[in-house]
Amino acid sequence: MFNAVMMIRYAPAFLLFCLCATIQTAIAQTDADKYHEAAESLRKEIWGWDRPEFTRRAVPVEYAKYSKVVLARRMDVSADSKKKIAFRALSLAAYRELALMEVLRESVKLNDQSAVSEYSEISYTQLERKGGFLMDRTTVVYLGIKVIKPNGEVREINADDIVLTKDQKKKKEAKIAVPDLQAGDIVDYFIAKQTNMSQLEAIPPYLFLFYDEVPVMHCSMHFEVGKKYAVEYRSYNGAPEFKTSKGEDNDNVLDIVKENIPAVEESSLWTAPFRQLPLVRLNILLGNKGILASRLNARKPGELYKNQESEEYLEDKLRRIANRRSMTRLVFDMGKTSGEYLKQVRKNRNKMSTDSLARELFYIFRFDTFLDQTTAKDIRKLVEMSALELDESLVTFFLGEFLKAEEVDNYMVYATLNKGPRMKEILSSDDLNSIIMVRGGVASPFYGFGSIFTNPSYLPYYFEGANGALIVNTRGPRETNINKFEKSSVKIPVSKSHENGRIEQMEASLSSDPSLLEIKRKSVLRGHYKSDEQQRLILFEDYYNAERKYFNDPKTLIEKLSDGRKTKKFAEELESAFAEARTKNKESFLEEARSFFSEEIKEIKNYKVDNMGVRHTNPDLVYSSEIKMDGLVKKAGSSYIIDIGKLQGGQLSIEGDQRKRKLDVYAPFPRSLEYDIRFAIPQGYAVEGLDALNKRVENAAGSFICEATNTGQSIILKVRKSYNHAFEPVANWENMLAFIDAAKEWSNSRIVLKKNG
Amino acid sequence: MFRFGTSFFLSLLFASCLFAQDSDDNITIESALETYRFAAGDVAHPVVVKQTLVASYLCNKYRAVIPVAEFYNDQVQLNDVSVKVNDSRLKNFKPVHEYYSSDGIFYSDARVCYFSLPFEKKGARGEVSFQKTALDPRYFTSIYFTEPFFLKKKEVQVVVPRWMKVELKEFNFHGYSIARQIKTEGDMDIHTYTIENAKALKSEKQSPGMSRLAPHLLILTKQATPPAGSQITYFNTLADQYNWYRSLVLQIGNDAASVKNKALELTKGLNGDEEKVKALYLWAQENIRYIAYEDGIAGFKPEKAQEVLAKKYGDCKGMANLMAEMLKAIGLDGRLAWLGTNHIAYDYSTPSLAVDNHMICVWMNKDRTFYLDATEKYIGFNEIAERIQGRPILIEDGEKYLLKNIPVANPQQNTSLEKRYLTIDGNDLKGKVAQLWRGESKEWLLTMLHSAQKEKLEEVLKRFLTAGNINYQISNLRVFNLQDYNADFKIEYDLLFKNAIVSVGNEMFLEMDNRKDFSKMSFDTTERKLPYQFNFKAHMVFETELDIPVNAKVASLPSHFAIDHHAYSMKGEYKVSESHIFYKREILLKNALLPTEQIPEWNESIGKLNEFYNNQLALSH
């Protein structure tokens with residue numbers, strides 16, 4: 001529905017375009033001899049580093065228990081630095097090219113077979129050329145490997161032993177098998193990546209972790225950056241700070257050394273490394289102090305920016321919007337169904353509240369963008385909706401612009417992911433994700449897009465609870481002066497656990513074959529639980545037809561397409577594909593049941609989606625089915641023992657190292673599970689063992705509760721599990737374990753049916 | 001495994017069938033014509049096989065885009081590829097040519113040419129044609145008939161000049177409509193096969209190799225006397241094939257001296273030949289990593305023993321060669337031997353490069369023969385892996401060869417045994433557990449454990465034993481023979497099995513067997529169309545000795561259960577003494593291959609096994 005129309009304006013942004021095109025780049029030399037010559041000279045240099053950590057051989061006895069120990073790890077980067085000019089000579093240093101050299105060297109003691117396997121084969125991209133209008137980049141990778149045997153003997157691996165697994169003009173991929181590698185050896189290796197590229201291209205950001213699952217005895221990094229470049233950096237969560245100095249030709253030199261980093265013993269379950277673990281980020285950016293500097297929000301050449309304010313990155317983001325607006329204009333080209341409906345909405349807009357208007361427009365946008373398809377190259381992809389993966393931020397931006405075009409005022413909202421860096425600690429505009437906020441209504445104003453089934457007022461889970469989220473009024477679609485954008489901040493709310501729920505209503509009974517359990521099941525999914533199952537269970541055809549009825553279109557998609565001369569053929573084909581998808585829907589329901597129960601499903605019937613949950617007036621996804629399962633009914637004499645706890649489905653089990661925890665808990669979102677199970681007592685039998693099913697673990701972090709009652713004809717189980725918050729301080733970990741364990745243990749619950757008399 | 005042309009390409013063909021996962025009738029091949037023409041070549045390649053493969057696709061229901069792929073390598077050139085859509089050349093047609101990498105092979109010269117073929121609407125047609133040339137007829141070993149799509153009709157022509165001696169051997173034609181015809185044109189025989197209405201072969205997990213399933217011709221290239229040349233003997237007899245292999249072996253260039261030092265060092269102080277061979281075999285398993293290169297002749301010629309020793313890696317040929325050299329170095333009769341694993345349908349009655357795909361070392365010890373396959377990393381000495389059991393093996397014997405069959409091991413080679421001694425404590429079971437694994441069950445478990453990081457080994461093992469049940473609590477875990485693959489792998493631990501008992505009034509219900517081996521091994525016959533290949537013949541024994549609490553007695557004892565089928569047996573029983581209940585369940589999988597026609601019967605047996613599992617013990621006070 002939206003087209004970006006390029007508007008050629010002789011504005012500075014376009015001038016920039018022209019400048020780039022005039023840059024001539026040359027292709028780096030690549031023939032084998034020169035490569036080997038360069039590799040040799042590089043090896044000589046890197047092996048010759050005067051760094052005692054790389055000559056260390058002894059490992060403390062207490063580290064023998066680890067699969068491997070990193071004796072030394074160093075990252076050495078030089079970007080257009082005079083000192084590293086020698087490397088530059090290895091390539092054709094073309095006019096206005098940037099020579100970037102990145103070396104990662106590690107010395108690792110291997111203590112077991114798993115470590116030997118890890119280092120026994122190394123794959124890498126030896127050469128990559130990327131060309132285009134704006135760039136021409138060549139990356140060449142050099143490798144050096146030494147194996148140090150326990151007796152101190154050093155064996156350098158012949159790098160000629162590589163094999164090429166991709167040998168194309170623009171890309172060469174290589175592999176090497178490291179010979180004579182055994183547990184007890186030390187591997188000292190480096191990977192050196194030399195990139196020649198246009199100075200207008202961005203150097204990818206650097207991220208270093210100061211933690212590992214094995215001990216790291218010495219970790220260092222070293223940057224030398226030419227004065228054309230600005231550097232911005234930040235240390236997180238107690239990671240060491242860079243020491244800065246000036247090198248030759250006034251280059252900026254940054255160094256970090258950290259010794260004896262112990263292994264992180266806990267698992268990565270529910271962690272947020274950007275908020276919890278020591279790491280360092282650094283960006284090397286093209287400096288600019290010319291006439292375009294302010295338009296680009298460019299950093300100053302040669303400047304070091306430590307811990308930049310987040311506003312800088314917001315400004316980067318906003319300038320991008322302004323630049324996009326100056327070059328393109330969105331044109332909304334509606335299909336017939338949504339276009340007609342839009343006319344009606346416009347006619348009635350004065351009678352509508354802002355919330356209703358925004359919702360109607362949202363539905364029009366969603367239908368027109370994702371459902372109203374008049375052609376497709378591959379029908380199966382369309383019908384399976386797998387091709388409709390969203391760029392959430394982009395779709396949301398277009399939604400915002402569409403709403404503005406329809407005079408529904410809205411602001412952009414920027415925040416970091418709830419597992420990403422804190423708002424005040426961002427180091428890139430890419431750290432900021434966006435949704436929109438509709439102005440003037442009373443309902444929840446936030447509009448995000450998670451999937452093609454998303455409803456209005458959808459707040460993505462990763463936005464929830466964002467502190468210091470920024471609101472920006474980007475004004476009209478022609479406003480390109482960001483100084484006129486108004487900014488403020490907002491606290492994004494969090495959902496409650498019952499809002500993200502799975503509710504299971506089950507009527508269970510023994511089948512005529514008493515080894516089978518029959519279950520009539522109705523599932524209700526709410527909030528953040530919905531989208532995966534919507535994707536799996538809802539048929540494109542049903543979704544389309546439900547929606548077009550809202551838009552008063554009496555015709556199905558097939559009928560509509562059949563009317564068109566050009567689309568008639570497509571309609572016929574789509575009809576076949578829809579029929580096929582309907583047949584395959586059974587498999588989807590079967591898969592859903594298997595994955596929910598973590599058990600084999602013997603039979604499934606009467607499966608259907610009762611409510612798609614794609615409208616704010618009826619937002620729950622509801623589906624139902626009848627299944628038969630075996631293996632849950634046991635017999636002892638005349639009694640039956642039923643594994644009733646298994647109806648709870650697969651439960652999270654926290655075992656081994658996962659139980660030890662020092663870090664706060666960052667789970668995706670608060671959530672709840674509710675099961676109402678009615679089990680019919682067969683005639684002539686009585687239920688025993690019900691008391692043991694009653695369980696109550698309730699604390700600040702969450703709960704697991706089961707209440708079991710016997711009506712005589714049936715037993716009724718009300719099971720509730722709740723994770724109250726997405727974030728829990730580690731002090732609550734034991735509380736979390738208490739209810740998680742209780743739920744897991746309850747899945748072993750059984751009841752006994754005893755024959756009367 | 002090492003690459004012997006055909007077998008390698010079979011796997012590619014099978015992989016290409018993945019395209020047909022959603023096999024339906026939307027895209028079909030209406031007609032296909034494949035011509036394979038033996039022709040005189042040049043001095044370097046006196047006989048070549050020129051191949052033209054043309055397939056016409058039809059879109060029957062709705063527009064779609066399908067992937068098309070064709071494989072080639074250094075010995076089989078891809079000369080041309082062209083595509084037509086609705087009789088016109090496809091615009092912007094840019095096929096991608098890449099190295100093809102497959103699991104377990106470090107490097108090979110296999111390449112793939114692939115592209116997308118669009119069908120813009122129902123009724124659209126696509127025609128794809130490939131021109132290929134096999135530079136040496138030895139490498140042209142088979143012609144497969146089915147396609148990844150439903151095939152309405154395909155004609156396969158093999159054009160054989162009279163100066164060429166070739167035999168075409170048919171496999172798996174049963175169940176397919178295939179007509180054959182031979183006619184003569186000039187001095188050429190034209191063999192024509194026409195297959196009609198053949199469904200796409202869908203890949204199913206754990207199925208036997210393609211050569212056992214798909215209709216195809218095995219091409220036995222025997223001899224040629226091209227018009228301008230002298231007679232060339234390919235594999236007229238098995239002796240010819242052996243001689244070719246032997247010619248490669250003679251080129252290896254082993255350095256006996258450098259291997260000898262190592263062999264002597266490893267066997268120093270050991271008495272008896274068997275002890276020495278055990279030590280050498282164990283060392284090779286532990287220290288030589290499997291890394292396969294399948295590059296030209298390297299796919300057939302073993303790497304020098306001293307190179308494998310120095311690099312500590314090699315493929316099956318390199319490992320076999322090193323083993324044989326080490327045996328020779330200590331004065332024993334170690335030999336190279338060729339064989340096809342059970343993936344392959346053929347034996348040496350049809351000499352061809354497609355017959356074998358593996359090499360091992362054989363130790364001829366007077367009247368006993370030991371088969372030493374160092375690629376089986378965790379198997380014991382004289383234990384034989386399923387994939388080579390019963391397979392014909394070609395053993396070097398100087399100028400001649402020996403042809404033997406590797407013995408078939410009984411399932412007890414792979415016994416896994418779990419024995420529990422338990423008492424009842426409230427609703428919990430407490431006691432001691434001992435478990436052991438032999439043969440391939442041991443190998444399977446050790447592979448998992450040795451791939452775990454050292455610091456996580458115990459956790460990995462516990463997770464395996466508890467199978468996710470948090471009530472199954474293990475303490476005091478002891479592990480035996482983690483490094484000695486010649487001994488049984490054993491563990492012992494103390495068990496607290498919480499809430500294993502359901503107590504109701506004066507009764508206690510108890511599930512004696514929470515392992516329930518094979519309980520989920522029934523097959524949905526609407527989905528499973530191919531035979532099922534188990535990894536190995538299994539023998540699983542589970543025993544529990546339970547103390548009967550004072551004042552308690554057995555209220556209900558599940559009935560005995562026994563099935564004795566020629567391919568498997570299953571039995572379970574409870575016995576009661578004054579103070580104990582003895583439970584024993586034993587499953588014996590006598591054949592590792594379950595043929596499709598036996599699946600319904602197998603399902604019925606699994607049903608009965610589950611019925612047995614689902615019967616519980618009841619005690620009363």
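I looked up the spacing of domains 1 and 2 of chain B: their centres, taken over C-alpha atoms, are 33 Å apart. Domain 1 covers 5-234, domain 2 covers 239-409 and domain 3 covers 412-620; the bounds come from an automatic or database domain assignment.

The model is predicted: local features need pLDDT of at least 70, side-chain atom pairs count only at pLDDT 80 or more, and totals for chains, interfaces and linings use all residues. Residues are numbered from 1 along each chain as its sequence is written, with chains lettered from A and ligands numbered from 1 in the order in which they are written.

I then checked the contact between domains 1 and 2 of chain B (C-beta atoms, placed from the backbone, within 7 Å). Domain 1 gives 24 residues and domain 2 gives 17. On the domain 1 side, H1(B) has the largest share, four residues. That side holds nine nonpolar, 10 polar and five charged residues (nonpolar is Ala, Val, Leu, Ile, Met, Phe, Trp, Tyr, Cys and Pro; charged is Asp, Glu, Lys and Arg; polar is the others, Gly among them).

Next, chains A and B. I find 53 residues of chain A in contact with 50 of chain B. Helix H15 (568-597) of chain A gives the most to its side, seven residues (helices are DSSP runs of H or I, at least four residues, and strands are E runs, at least two, numbered from the N terminus).

Last, backbone angles. Asn86(B) has a positive phi near 50 degrees. Asn86(B) sits in the loop between strands E4 (76-85) and E5 (88-89) of chain B.

How values were computed: Contact = placed C-beta atoms within 7 Å.
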